[in-house]
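Here is a short briefing on one protein chain. Look at the structure first, then read the points below.

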Amino acid sequence: AMEKSRPLWDNPLQFVFACISYAVGLGNVWRFPYLCQMYGGGGFLIPYFIMLIAEGMPLLYLELAVGQRMRQGSIGAWKIISPYLCGVGVASVVVSFFLSMYYNVINAWAFWYLFHSFQDPLPWATCPLNSNHTGYEEECEKTSSTQYFWYRQTLNISPSLEVSGSVQWEQALCLMLAWLVVYLCILRGTESTGKVVYVTASLPYCVLIIYLIRGLTLHGAVNGLVYMFTPKLEQLSNPKTWISAATQIFFSLGLGFGSLIAFASYNDPSNNCERHAIIVSLINSATSIFASIVTFSIYGFKATFNYESCINKVILLLMNAFDLEEGSLTADNLNEMKDYLMATHPQEYAQLLPQLKNCAVQGTGLAFIVYSEAIKNMEVPQLYSVLYFFMLLMLGIGSMLGNTAAILTPLTDSRVIAARFPKEVISGVVCFINCVIGLIFTMEAGNYWFDIFNDYAATLSLLLIVLVETIAVCYIYGLRR
């Protein structure tokens, strides 16, 4: 009776869109390009694709098959395989609950930046004036306007974890709005979620295509792409490269959270989940590569822009200090002129040395800071800012629909809970509890708590969950069966 009354996806395509919307998230846009940059550009792609075939596809197929065959959420599905495995499903729900508590804070930050993207000029484009209006804020001048906006005006971060501070009500309101959007998306179960995923899965690709076209036309974009696709093969002997590749596959597909089991439980039993596992895996990895091309074109533009700005400042400083003729000092002969000035005017050059910056190309930095700094140097920055942060919202909300489904499906499958409360009430209570607990991340020390949860809430626990899942299917349920 429970199987007959269980709602289904309208069609297999809707299920694929739901999996893509959940799997393709911020990790594809942020974490993959970061790892690619850290472990030698193209050299990271080799272990990544090996891990995709050896680890990603089989485990994704396993979870989809279990959910589709058992027609239950993570707790019920593993309980059917063996009553002793009920704890595996409970562990998945707990991990998804921890993830939901802090993950939606990223959507709150995206809302915050989105609302500020309509200002002209952008609030992170320049440093604010000090209280006396005699100059810029000293803290901002020491860093940059984008870093100041992120750490001081967005997070208002405290000096340490011990100094908790008060709740930042602007961030708290953004967090409440983020949870309200998630609740409205899941209000009617698969009926509304199935329609929302079409938007959350498709729109980011449209925005990425726009950014790709714009990014490839930026000055210095080619430098970023050359760096990305130039492999450092010595990284293949580094064990951390292989571990990071395996972990990226693990997290980007969302294995172990129970979300994929919950999504697959709404499939028709005759659905070809093996084919869907391959399709979702390939689309997810292709999205990571595609997003990296866009990201590295932005990185190349930012690095080139900063490098050339630094060079121009050094040239202006040397020309004024040594009264050189205009045009005598250029970027091409800068190093030769430095050597000449150091040899002919050693004392004057030594006094200027602390002011002469080393114009090395900077690293990627934090994603909010890097992209916002690149956006402020584009034409019509408000347009590109709105597009980018709206895309982040779509990616974040798509992932949140999967996280909440992993929590709600086992609860609504429970006859005790479902008989007493309608789905709308259960969904509302879960979202409200997560929102209230999530307020800790909107405090002045909230970013420290965010890093702690991000590093420890879903790492070793997920590895253990999937290990037990694999052993359970192979040796308890049986591979032949």
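**A surface residue and its patch**

Val429 has 43% relative accessibility, so Val429 counts as partly exposed. The terms work like this: buried is under 20% relative accessible area, exposed is over 50%, and partly exposed is in between, with a 1.4 Å probe and protein chains only. This is a predicted model: local features need pLDDT of at least 70, side-chain atom pairs count only at pLDDT 80 or more, and totals for chains, interfaces and linings use all residues. Residues are numbered from 1 along each chain as its sequence is written, and side-chain values use heavy atoms, with hydrogens and water left out.

- Val429 sits in helix α20, residues 423-438. Helices here are DSSP runs (H or I, at least four residues), numbered from the N terminus.
- Phe421, Val425, Val429, Phe432, Ile433, Val436 and Ile437 make a nonpolar surface patch of about 600 Å².
- Patch residues have over 30% relative accessible area and no salt bridge; nonpolar side chains (Val, Leu, Ile, Met, Phe, Trp, Tyr) are joined within 5 Å, and like charges within 9 Å.
- Accessible areas come from the Shrake-Rupley method with a 1.4 Å probe.

**Helix α4**

- Helix α4 covers residues 42-70, which is 29 residues.
- From first C-alpha to last, α4 reaches 41 Å, close to the 42 Å expected at 1.5 Å a residue. The expected span is 1.5 Å times one less than the number of residues.
- Where does α4 bend? The bend is at Leu52, by about 45°. That angle lies between axes fitted to the seven residues ending there and the seven starting there.
- Arg71 follows α4, and its phi is positive, near 55°.

**Aromatic pairs**

- The structure holds 23 aromatic pairs. Rings of Phe, Tyr and Trp (its six-membered ring) pair if their centres lie within 6.5 Å; planes under 30 degrees apart are stacked, over 60 edge-to-face, and the rest tilted.
- Phe32 and Tyr48 have ring centres 4.8 Å apart and planes at 65°, so the pair is edge-to-face.
- That pair links distant parts of the chain: Phe32 is in helix α3 (residues 26-38) and Tyr48 in helix α4, 16 residues apart. Both Phe32 and Tyr48 are buried.
- Tyr102 and Phe450 also form an edge-to-face pair, with 5.3 Å centre to centre and 85° between the planes.
- Tyr102 is in helix α6 (residues 86-116) and Phe450 in helix α21 (residues 446-456), 348 residues apart.
- Tyr102 is buried at 4% relative accessible area, and Phe450 counts as buried at 8%.

**Salt bridges**

- How many salt bridges does a search of the whole structure find? It finds two. A salt bridge is a side-chain nitrogen of Lys or Arg within 4 Å of a carboxyl oxygen of Asp or Glu.
- Arg152 bridges to Glu139, with the closest N and O atoms 3.1 Å apart.
- Arg152 lies in helix α8 (residues 145-154) and Glu139 in helix α7 (residues 138-142), so the pair ties together parts 13 residues apart in sequence.
- Arg152 is partly exposed at 26%, and Glu139 is partly exposed at 40%.
- Arg214 and Glu379 meet in a salt bridge of 2.3 Å, N to O.
- Arg214 lies in helix α10 (residues 190-216) and Glu379 in the loop between α17 (367-376) and α18 (381-413), so the pair ties together parts 165 residues apart in sequence.
- Arg214 is buried at 15% relative accessible area, whereas Glu379 counts as exposed at 51%.

Key
Helix = DSSP H or I, 4+ residues; strand = E, 2+ residues; numbered from the N terminus.
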